[in-house]
Amino acid sequence: LKKMKYKYITGEVLSISNPERWSSLDNLLEWWPETFVSGSQNDYGMKLFPRLEESKVVSNYKFESRFQGGPGLVHGGILSAALDDIMGYACVIHDRSCVTAKLEINYITPVPVEEEFLLEAWVSKIEGKKLYLESAISSGENIHIEGSGLFIDLGNYPGQLYDQNKNYP
C-alpha cells in the first residue's frame with residue numbers, strides 16, 4: 001500500500017502480531033453473515049468483502065446507485081457505516097472484540113456512486129481497553145473521506161459481556 005498524505009488522521013499503523021492467522025478474512029466474515037455492510041446473507045446489505053494488507057483491513061468497493069444521498073453521490077451515512085464496519089475488523093485482527101464508542105468522519109470530497117474506491121482501516125494505538133482506529137476512502141491519489149474512532153475492548157466474548165444497561169466505556 002502506498003503512503004498517503006492525510007489531512008485529519010495520522011496514518012500511523014500499528015502492526016498486527018500474527019498476520020498468518022488472518023491470511024484470509026473469509027471465516028471472520030461468516031461470524032456476522034447478516035450485518036448490513038459486510039454480511040454475505042443480508043439481501044439488502046452492501047456485501048463489502050475486506051481483506052488484510054500490511055496490518056490494514058482493506059476493500060475495493062463500488063457503491064451502487066441505491067446508496068445515493070444527493071444525486072449521483074453516496075450518502076454520508078453509508079460511507080460512515082462502511083468505515084465503522086471495517087474499523088471493527090481492524091480491531092479483530094489485533095485479537096480484540098470491540099464496540100464503537102466514538103466515530104468521527106471527515107467528508108473531504110464527494111464520493112460518486114458506481115465508481116470503485118479503496119476503503120482502508122487500521123489500529124493506530126492501543127491503550128488498555130481503548131483502541132484508536134483510523135480509516136480512509138480513496139481513489140488513486142485522492143482521499144475522499146477520513147475517519148477515526150475510539151473502540152472499546154469488551155473481552156473475548158462480547159456477546160456475553162454486553163449489557164444494554166451498562167454505560168460504555
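Select R51 to begin: this residue is partly exposed, with a relative accessible area of 31%, where partly exposed denotes the range between buried (under 20% relative accessible area) and exposed (over 50%), computed with a 1.4 Å probe on protein chains only. The model is a predicted one, in which local features need pLDDT of at least 70 and side-chain atom pairs count only at pLDDT 80 or more, while totals for chains, interfaces and linings use all residues. Residues are numbered from 1 along each chain as its sequence is written, and side-chain values use heavy atoms, with hydrogens and water left out.

R51 and E53 form a salt bridge, their closest N and O atoms lying 2.7 Å apart; the term requires a side-chain nitrogen of Lys or Arg within 4 Å of a carboxyl oxygen of Asp or Glu. E53 is also partly exposed, at a relative accessible area of 24%. Side chains of opposite charge can pair when their charged atoms come close. The whole structure contains five salt bridges.

Next, select R96 and D153. This salt bridge has its closest N and O atoms 3.1 Å apart. The pair links distant parts of the chain, 57 residues apart: R96 lies in the loop between helix 2 and strand 3 (98–107), and D153 in strand 6 (residues 142–153). Helices (H or I, at least four residues) and strands (E, at least two) are DSSP runs numbered from the N terminus. D153 is buried, at 12% relative accessibility.

Proceed to K125 and E127, whose side chains form a salt bridge with an N to O distance of 3.5 Å. K125 is partly exposed at 39% relative accessible area, and E127 is likewise partly exposed at 43%.

Now move to D85, located in helix 2 (residues 76–92). D85 is buried yet has no salt bridge, and the nearest side chain of opposite charge, K47, is 12 Å away. For charge, Lys and Arg count as positive and Asp and Glu as negative, with His and the chain ends not counted. Beyond its neighbours within four places in sequence, D85 is in contact (heavy atoms within 4.5 Å) with V37 and S38.

Finally, select C91 and C98. The structure holds zero disulfides, a disulfide being a pair of cysteine sulfur atoms within 2.5 Å. The sulfur of C91 has its closest cysteine sulfur in C98, at 3.8 Å, which is too far for a bond. C91 is buried, with a relative accessible area of 0%, whereas C98 is partly exposed at 22%.
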